[in-house]
Structures are given as structure tokens and as C-alpha cells.
Amino acid sequence: MRTSGTARPTVDSAVRNLGILAHVDAGKTTLTERFLFLTGAVHKRGEVHDGTTVTDFDPQERARGITISAAAVSCDWAGHRLNLIDTPGHVDFSDEVERALRVLDGAVAVFDGVAGVEPQSESVWRQADRHGVPRLAFVNKLDRAGADLDTAVDSLRTRLGTVPLPVQLPIGRESGFRGVVDLVRLRAYEWPDGGGPYTEGPVPEELREEAARRRRRLTETVAELHPAALEEYCEHGTLGEATLAAALRELTLSGAGVVVLCGSAYRDRGIEPLLDAVVAYLPAPADLPPVREDRPADPAAPLTALAFKVAGTPTGRLTYLRVYAGTLRKGDTVLDTTAGRTERIARILRVQADRTSEADAAVAGDIVAVVGPKTVRAGATLCAPDAPLLLEPPVAADPVVSVAVEARRGTDTERLATGLARLAEEDPSLVVRTDPESGQTLLSGLGELHLEVAVERLRRAQGLEVTVGRPRVAYRETPAGSVTGLVHRHVKQDGGAGQFAQVVLDVEPLEDSEDREGEFVFRSTVTGGRVPQEYVRAVEAGCRDALAEGPLGGHPVTGVRVTLTDGATHVKDSSELAFRAAGRFALREALRTGGTVLLEPLAEVTVTVPEAAVGTVLGDLSARRGRVTDSTARGGTAVLTATVPLAELFGYASRLRGRTQGRGAFTSRPAGYAPAGQGQGQG
């Protein structure tokens, strides 16, 4: 929002910051394109299969036909400004979704009308749950053979554990789908073949009874969830349009229910009512709780912003910000509280995918990009220097696959290091390290495709010729058994002040039924002050240090419970440093004594194949140590769900295509860890 003279910027309640979430190929990028076209933001429809979409502007996205990076665009509808972020649907890029959800106020979750809730749509739904993001559901592709709104709604209820609130009834089925009945207003909307504006009219005669029945069911469900609606329902036996709409909005904001709409984005049907629902039901920035009581969504409050994405462009480094409080102006100096240094804002940009426009200021509720900060990383908090505040950053997922990367020409080694550092800066889920045994440079990420895309970016951006090794998975270790009463005394004398610490530890594996958040549990049962509390914390820190490398193969150790049962101190020589060292050496000794088990990462794979190829595909999954957990038939195809060691999935896409004459497809998502060689269960 621009400022002029001494005019004070204000928070605009007519703003919606929302993301488009979905499983890969559910149609979210096509839906985003239809939003942009119908709102007048673009004058020609972009198509994924033609490589002409606004948000998938990266050459790799257009070549692969998938969204790789979250892209921000804006449009206007019914007097409201919609700031959209189109997010990836492939599991390898789930970290992009995580960072986008951290700064969004609402979301539209898109579901395939045939498949309903799919594995990655469930994963992104859980991500939105963790961030408390209000959502609408849009059941897409109702024009496809086998599409059914009721079946899709049932899958939302059973697989996501939510209360779906369908507010529309389809007019026509499959290829005959031509419109929807609005159950709130009891009006019909129909779209002509070949595109064009919809026509509004009364509910078709043949659907009136069904529409009345469904509206009655909707009002009953809303009345059960909303006290004010229940009062009106008990008095009148139904709900008025205004009451029903207000209740639906409040249920959406609280997460008690999810409004469900339907349509076909590809055929331009159902998009305008969805845009209306975004405005009616999703929150404005001011509708949500402030990040802290003294930082309301007010331009006059001290500046508070979160950097959620960093991108290198031909014209310079862009840092994407969500402004939560205050006003950010061009030329301002801000404090990066995460790094403890100041940065100057040279330019503020409104972003439209790969295009930008200048702005003088950004206020609370805005999502913008800035030019100027040199060292700000994704997850950093930017705030007024005289009012520091640290916001919780998005949490990057742990890498599960690594490849060795080296420059083909020795003279390019330095350029390779620079390029890899830039990749890791732009994508926090990429990790660059040196293998201590081989000396090779390892690039680690969330999957085989994730690394393929990263290496291709490296080649294009840096003009490098690189050699890439075979992918390797990230193994873990876990205790094989318990060790009780292990005593370790740390004594060091080197002329000056000495070091003394004695600890007694019990070390045991965490049980599968326990809360394994973080995969490490530490507690102390020391009594009588034999180990002061500040030393207890140091022992815990030392134990965490020891978890970095296990005795079996130097892999990170997980699934450990450590109990400090006793210890001893020295009047002069004990210190936090000494007890941290004692904790580190004691846990290492305990793990060597009790032994560890090697764990390998698993993936839950959903394979869709022609029924004639089921036997061949099942045999191949078995050969890959896969365990089939579910099998369903769907319109001449079979959908197989299996748990497979991640290491066995390298190259699976080409093998599957070969065994099914190009008709098979699969998706995967992380499924925990299991002892290596077993290939089933979860760690």
C-alpha cells in the first residue's frame, strides 16, 4: 500500500493472504490461473500442459509440468485484494509449503473429484493444522469420469478427521457437469460450453427436493457446532441466509468446520463462487491474533516482519517478507534479530510471480519482496532496531537423500562451492557438507527429484559442468538395548584450572508407544543437590552433542532416553564445561557398550496402475522389500499402497513406466524409520 505525504497507512480489512494447497496433479496451478484470468490480472488463460502458466515460470517447472517453488501473485475480486501463493504438491518440495503456511492467513485445499484425499493432500492438510491456518476445500475435476462430490467429501471426513460443510450441489455428472446449486442462497449457477460468464437462476426443478434436503443437513450440522445458529434453528427450525453465512465464516476461522465447494478449474466452472467464498469466509490479517500482544496488525505498531523465502534473480537478491506489525518504508534500516545485525531496505516490491512493481511502503498484513538485505536467511525476523522481537521461524525438514557433487574441471571447484552455498541459502531444506571419510562434497535434500532439480539449477545458474554420484539415503542409529548405572568420571589437569565431573547414566531405547517428539528424552533423578541444576543442563547438552554420531557408522542417533541418576562435583574444578564433556563421553561409552541398530528411512508409496499390470507391479514392490498395506480398484485401475525402504525407490519411476507401458504412476511420502533390512514398520 502506497503512502503519500503525511498520510498514515492503514491495515486494509479487504485483504486475503491465502495459499493454494494440493496433492500433485489435483489442479491447483490451473485453479490459480483461473483466479488470475477471471479477476482480470491476466488476459489469457495459462495452461500447465502448454507451459504457459504465470506461477510456474521456472524452465524446470514448465518442462516437468509441476510446481517446484512457491510463487506469489495478487489479484482483485469484489473490492478485495487477494495475495495468493501457489505451493508445490510434490512431497520433495514440502518445505516450500511449510514456509508458505508460516506466513499465510488462510488456504484453499484442492482435491481431485475422483481420488478424493490423496497422500500429499493429507500431508499438506496436517501441515496447515500445525500452523492453525483456516481452510476452504475445493473438490476439482468434477467433469472427469468417476468424479463424485459425496465420495470426496466422505474422504475428507474419514481421512482428515474434519467436519466438512458442503455448500454446493453439482448440476450434472462427469462430462455433463455444468454448474452448481448454492445451498446458502438456494440459487443455481450454470456455465456454458466453451467458456464464458455463468448464468444465475432458480434451482432446477429436478434438483429442488435434493437441494432442500442438503440445505437442511447443512443447517443441522452448523447448528450443532455454532451456539448462535443453534438458538435460531431451535426457534425457527431453519437458518436464514445471513445467519448461515456468518456461522460458516466463524466455523472456518475457528477450524471447527471446513466449507466445501466444487467445480472444474480446467473448464472454468465453479471458480467465481470459490472466489466469493474466499472473500466471505477466509480471514483478513486483522481477524487473526497478533504475533504478540504489543505487536497488533497495526501500521503504527513497531515493525515486525518474517522473511520466509530468499531467491536469487538476474537483477539481484530478493527477500520475501510477511509484515505482521508496523510499516516498512523504502530506505529504512531494520534489525535482523536472528543474526543480530542491521540491514537497509533499498527497494520494496509487489510480486506477480516472476514480475515485480515498485512500492514506497508495506504495512501490517502485506506480503512483499525487498531488495537490500545481504545476509538475511529464510526464517529471520526483521524488526524496528529500537523494538527487537524474535518470531518462531519455519522448521526445515531433515534431509533423507544425499548425492556427491563435484566439478568436472578442477578450476571450477570454487565456483561450485559458491553455487552450492547459494542453493542452500535459497532452500533451507538443502544441506551441503563434506564427507569426512571420502572428502567428497555431499548435497542432501528431501528426495531424488529435489536433488535433481537442485543440481539442474546449479548447472543453469552457474554454467557449471558437474558430476553427480548415486543417491544415498540418510541412515540413523538407535540403541539396541539398555545400559544401567554407567559411571563416567571426567578429569583433566593441564597446569591451570582443572576440570572434574562425574556422572551416572541410565540409557535405554524409547518405546514405540512413547511420545517421540524430537527422538531424545532427558531427565534427572539426582537428589540432595549432588549435581547442581546448571550442571544438569550441561550434561543434557553434552548428551545431545553425542547424538550427532553413533558408534555403528557415524550416523545420527535417535530414539534415546537418558536418565542422570547420580554424580559428583569438585569444589574448585567442576564447571558447566566439564559436565558437558562428561555427558558427551558418558553417552558415547553407553552406546558403545549397549550397541546400536542401523535404521533406514521408509516411504509410503501410492502406485496407480492398470488392473492388468497389478501382478507385475506387486512382484516388483516385493523385490524392493515393500510391504503392501492397501489395495483398491478405481475405474479400471488399481491403487496400491505400500511401505518401501527409500533406498529401493531410486529409479523406480522409469522401472514402473516400463512395466506398465507408460500408464503407471506413483507418489510417495516419508514414513519414518525401521531397522535396516526389515523394510517395514515405523521407527
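Me: What is the mean pLDDT of the protein chain, and what percentage of its residues reach 70 or more?

Reply: This is a predicted model. The mean pLDDT of the protein chain is 88, and 94% of its residues reach 70 or more. Where pLDDT is low, the predicted coordinates should not be read in detail. Over residues 1-10 the value is below 50, and this stretch has 20 contacts beyond near neighbours in sequence. Residues 679-683 also stay under 50, with 20 contacts beyond four places in sequence.

Me: What span should helix α13 have, and how far apart are its end C-alpha atoms?

Reply: Helix α13 covers residues 576-594, 19 residues in total; at 1.5 Å a residue it should span 27 Å, and the end C-alpha atoms are 27 Å apart, so the two agree. After α13 comes G595, with a positive phi near 80°.

Me: Which residues of α13 are buried, and how should I read such a list?

Reply: An α-helix has 3.6 residues a turn, so residues three or four places apart point the same way. In α13 the buried residues are A578, F579, A581, A582, G583, A586, L587, A590 and L591. Their packing partners include β28 (483-492), β29 (499-509), α12 (533-546) and β32 (596-610).

Me: What lines the second largest pocket?

Reply: The second largest pocket has a volume of about 1,000 Å³. Its lining comprises 37 residues, with D58, A311, G312, T313 and E426 nearest the centre. Among the elements giving two or more residues to that lining are β12 (304-313), α10 (413-426) and α11 (448-462). By class, the lining has 18 nonpolar, 8 polar and 11 charged residues.

Notes: Residues numbered from 1 in each chain as written. Predicted model: local features only at pLDDT ≥ 70, side-chain atom pairs only at ≥ 80, totals over all residues. Heavy atoms only, no water. Helix = DSSP H or I, 4+ residues; strand = E, 2+ residues; numbered from the N terminus. Expected span 1.5 Å × (residues − 1). Buried < 20%, exposed > 50% of the residue type's maximum accessible area, 1.4 Å probe, protein only. Contact = heavy atoms within 4.5 Å. pLDDT = per-residue confidence, 0-100. 1 Å grid on protein atoms, 1.4 Å probe; cavity = no way out; pocket = protein on both sides within 12 Å on 5 of 7 lines; lining within 4 Å. Points joined across faces, edges and corners; volume = space filled by probe spheres on them. Nonpolar A, V, L, I, M, F, W, Y, C, P; charged D, E, K, R; others polar.
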